[in-house]
Amino acid sequence: MSRDVKVAKRYARALFEVTFAEGKVAETQAELKALAEVFASNADLREFVSSPGVSTEDKKKALNSVFEGRISVPVIRTVDLLIERGRTGLFSELRESYERISNDALGVAEAVVYSAFPLTAAEEAAAVERFGVLTGKKITVRNVVDKSVLGGARVVIGNTLYDGSLAGSLARLEKSFERQA
């Protein structure tokens, strides 16, 4: 694990503890996601916050004026800390770490479903129900269309792969034939 990921986890843990005490975990998760999207899509903003020619105070004032009233005080303070310590490049890792920490605490897991075609609402609901029972967690589904999945689906939850794809079934069948031969 890289040093940056470890540092981002520490910031995420501290932010989680504050927002958990306030009962605002889900709201903070949404705010971090929105901020990460803003940073990812705006090269000028990234350049501004990483520029050594702009003072730390000017960076903080500018970002606070833009985001004030739109994001909570704990998130603003966390962004301020990242700016003060020259760690604005960690924002994406911080968001991901916060999401993992909060999902674990709230009993939520994301199921990434790889399928050849977009899932219907009924298929998505079936995945939520089935994998909720398997994991004992509340499941959210993110569908990724992958044309290499000829039929069926591959589902990844955390570090676990559930392979119900045609290719996976054929591979398992081939291995069983090899063991019997």
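Visitor: Which residues lie nearest the centre of the second largest pocket?
Guide: Ala 127, Arg 130, Phe 131, Ala 153 and Val 155 do, out of 13 residues that line the second largest pocket. A pocket here is an open set of points on a 1 Å grid over the protein atoms alone, with protein on both sides within 12 Å along at least five of seven lines, and lining residues have an atom within 4 Å of a point.

Visitor: Which elements do they come from?
Guide: α7 (121-135), β3 and β4 (160-163) each give two or more residues to that lining. α7 gives the most, with 6 residues. Those labels are DSSP runs numbered from the N terminus: helices are H or I with at least four residues, strands are E with at least two.

Visitor: What's the volume of the second largest pocket, and how do its residues divide by class?
Guide: The volume is about 220 Å³, counted as the space filled by probe spheres set on grid points joined across faces, edges and corners. The lining has 9 nonpolar, 1 polar and 3 charged residues. Ala, Val, Leu, Ile, Met, Phe, Trp, Tyr, Cys and Pro count as nonpolar, Asp, Glu, Lys and Arg as charged, and the others, Gly among them, as polar.

Visitor: Before I go on, what kind of model is this?
Guide: A predicted one, where local features need pLDDT of at least 70 and side-chain atom pairs count only at 80 or more, while totals for chains, interfaces and linings use all residues. Numbering starts from 1 along each chain as its sequence is written, and side-chain values use heavy atoms, with hydrogens and water left out.

Visitor: What pLDDT does the protein chain average, and where is confidence lowest?
Guide: The chain averages 88, and 99% of the residues score at least 70; pLDDT is the predictor's confidence in each residue, from 0 to 100. Confidence is lowest in helix α8 (residues 166-180), at a mean of 80. The highest is in β2, at 94.

Visitor: OK, back to pockets. What's the volume of the largest pocket?
Guide: About 800 Å³. The largest pocket is lined by 23 residues, and Glu 99, Arg 100, Asn 103, Ala 109 and Glu 110 lie nearest its centre.

Visitor: Where does the largest share of that lining come from?
Guide: From α6, with 7 residues. Among the elements that supply at least two residues are α2 (25-41), β1 (108-115) and β2 (138-145). By class, the lining of the largest pocket has 8 nonpolar, 6 polar and 9 charged residues.

Visitor: How many bridges join β1 to β3?
Guide: 5, and the two strands run antiparallel. One example is Val 112, whose bridge partner in β3 is Val 156.

Visitor: And which residue in β4 is the bridge partner of Val 156?
Guide: Leu 161. β3 and β4 also run antiparallel, joined by 4 bridges, and Ile 157 stands opposite Thr 160 in β4.

Visitor: How many residues sit between β3 and β4 in the hairpin?
Guide: There are 2. Gly 158 in the turn has a positive phi of about 65°.

Terms used:
On a 1 Å grid over the protein atoms alone, a cavity is a set of points where a 1.4 Å probe fits but cannot get out, and a pocket is an open set with protein on both sides within 12 Å along at least five of seven lines; lining residues have an atom within 4 Å of a point. Two strands pair if DSSP finds at least two bridges between them.
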